[in-house]
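Me: I would like to learn how to read side-chain pairs and helix packing in a model. Please show me the structure and take me through some cases.

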Amino acid sequence: MILLLVVSVVLMVIATSVFKLHPFIALLFAALFVGLGASALGQFDVMAVETTLRNGFGGILAYIGIVIVLGTIIGVFLEKSGAAVKMADTILRMVGPKRPGLAMSIIGWFVSIPVFCDSGYVILSALRKSVTRKAKVSATMMSVALATGLYASHTLVPPTPGPIAAAGNLGLEDSLGLVILVGVFVSIFAMFAGFLWAKYIGGKITIQEDLDNEEYFKNGLELEEEVIEKTYGKLPSTFMAFAPILIPILLIAMGTIASFPGDLMGTGFIANLFKFFGKPMMALLVGLVFALGLAPKLNEEVLMKWIGEGIKIAGPIILITGAGGAFGAIIKATPIAEFLGQSMSGWSVGILVPFFIAAALKTAQGSSTTALVTTSALMAPLLGSLGLGSTMGAVLTVMSIGAGAMTVSHANDSYFWVVAQFTGMDVKTAYKSMTVATLIQGIVSITVVFILSLFLL
């Protein structure tokens, strides 16, 4: 049975990385392979395979599907309205012009909570070039600082779809506030690790942009500002730019506090209000209302095309998440979880298991979201056996998977090519700077998670 599971994972990795099969189909076939294999071994009723797959697919999406759609729609509004650029500009002013690299890391970290990291890098590219020229610093340093800042929260902090899907797979849909809190803590270490590496590698590598900046400094200084102004026109206010992200996070956090044992907020109207709006779906609906306020006009372009683009982005993530739920349901319904749990019961480092699985999947097939969804579906039935059955154990498992899902970004990852192309790096330089940076971030993140597990589990 354990061999059956190992073979299914290997086949899934080969299918997605070598034959470029879509992860949705790969996960479904992997689940079917395990179900039929268990039936052939006399460990599962073959007539229950199809029902288990359907129930697993629908069960996970009942909890998390709408949340993923709302999160991606908010991200599109932040991108198209210029709110992401406004947030970046605000953080840059707060951090100060003497620390441009740190400012880029913080900007990336914050923007990537609702916006996909590759989209975030594209929309912030003009701002990064402008700040690089103004501060007269290394373009390599600024590029890696922004890229690693975006990457740090991408795999660790909801409402980014990957961590939300992983939390849903592990039964944490009512504890997202705790996932956000721990994710913010762990991701800050990842962000600073990326920033320190950016400072180091920025002094070692010179790219074409550095040479262009020297030649065109006086004439080209204001070029990027002109591009930003032409693209977005008047940017939203600071409050409106941050509100679609901060208000849902605040509501989820308050809902979590209101639901703590002991009724910290009492049992009256206020407590029930926070419990209601603290549910992830309701909190993100409130965030969407604020996001609608970012649009210059609520016309067909906004109400159909912007929202439609968000739904289009969410579609593949929802399908992959559902297929991951089907895979997890099959594993849970067969004796695999029990057998695997017995074989690992003597391990004292169970929190490292999801990290290595996610890192292997990420490195092999390139998608962090796929690694998060697949590994969380695989781990859900094994949490108790690994000593991770508590709520905090499941939260730290999400963090461990997130750390693995950033290890490492290389040529099979679309984000790797976005960073390389928008920075003007050749492949060798991108490997030296970006790929090594994501390896460092993953190692630092899992180290922080492991230390937390010593105190919290």
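Reply: Start with Glu50, which counts as partly exposed because its relative accessibility is 47%. Bear in mind that this is a predicted model.

Me: Which residue forms a salt bridge with Glu50, and how far apart are the closest N and O atoms?

Reply: The general idea is that side chains of opposite charge can pair when their charged atoms come close. Here the partner of Glu50 is Arg54, with the closest N and O atoms 2.6 Å apart. The two residues are four apart in helix H3 (residues 49-80), so about one helical turn separates them. Arg54 also counts as partly exposed, at 48% relative accessibility.

Me: How many salt bridges does the count come to?

Reply: The count comes to five salt bridges. One of them joins the side chains of Glu301 and Lys305, at 3.7 Å from N to O. Both residues lie in helix H15 (residues 300-333), four residues apart, or about one turn of the helix.

Me: Is Lys305 buried or exposed?

Reply: Lys305 is exposed, because its relative accessible area is 54% and the cut-off is over 50%. Glu301, at 39% relative accessibility, counts as partly exposed.

Me: What does Lys362 form a salt bridge with?

Reply: Its partner is Asp413, and the closest N and O atoms are 2.8 Å apart. Lys362 lies in helix H17 (residues 352-365), while Asp413 is in the loop between H19 and helix H20 (414-423), so this pair ties together parts that are 51 residues apart in sequence. Lys362 is buried, with a relative accessible area of 1%. Asp413 is buried as well, with a relative accessible area of 6%.

Me: Now to helix packing. At roughly what angle do the axes of helix H9 and helix H19 cross?

Reply: Two packed helices are described by the angle between their axes and the distance between the axes. The axes of H9 (residues 176-202) and H19 (residues 391-404) come within 10 Å and cross at roughly 45°. H9 passes H19 in a right-handed crossing.

Me: Which residues of H9 and H19 make the contact?

Reply: On H9 they are Leu178, Val179, Val182, Gly183 and Val186. On H19 they are Thr391, Met392, Val395, Leu396, Val398 and Met399. By class, the contact has nine nonpolar, two polar and no charged residues.

Terms used. Residues numbered from 1 in each chain as written. Predicted model: local features only at pLDDT ≥ 70, side-chain atom pairs only at ≥ 80, totals over all residues. Heavy atoms only, no water. Axes fitted to C-alpha atoms, helices over the stretch in contact; angles between N-to-C directions. Left-handed = near helix turned anticlockwise from the far one by under 90°. Contact = heavy atoms within 4.5 Å. Nonpolar A, V, L, I, M, F, W, Y, C, P; charged D, E, K, R; others polar. Salt bridge = Lys/Arg side-chain N within 4 Å of Asp/Glu carboxyl O. Buried < 20%, exposed > 50% of the residue type's maximum accessible area, 1.4 Å probe, protein only.
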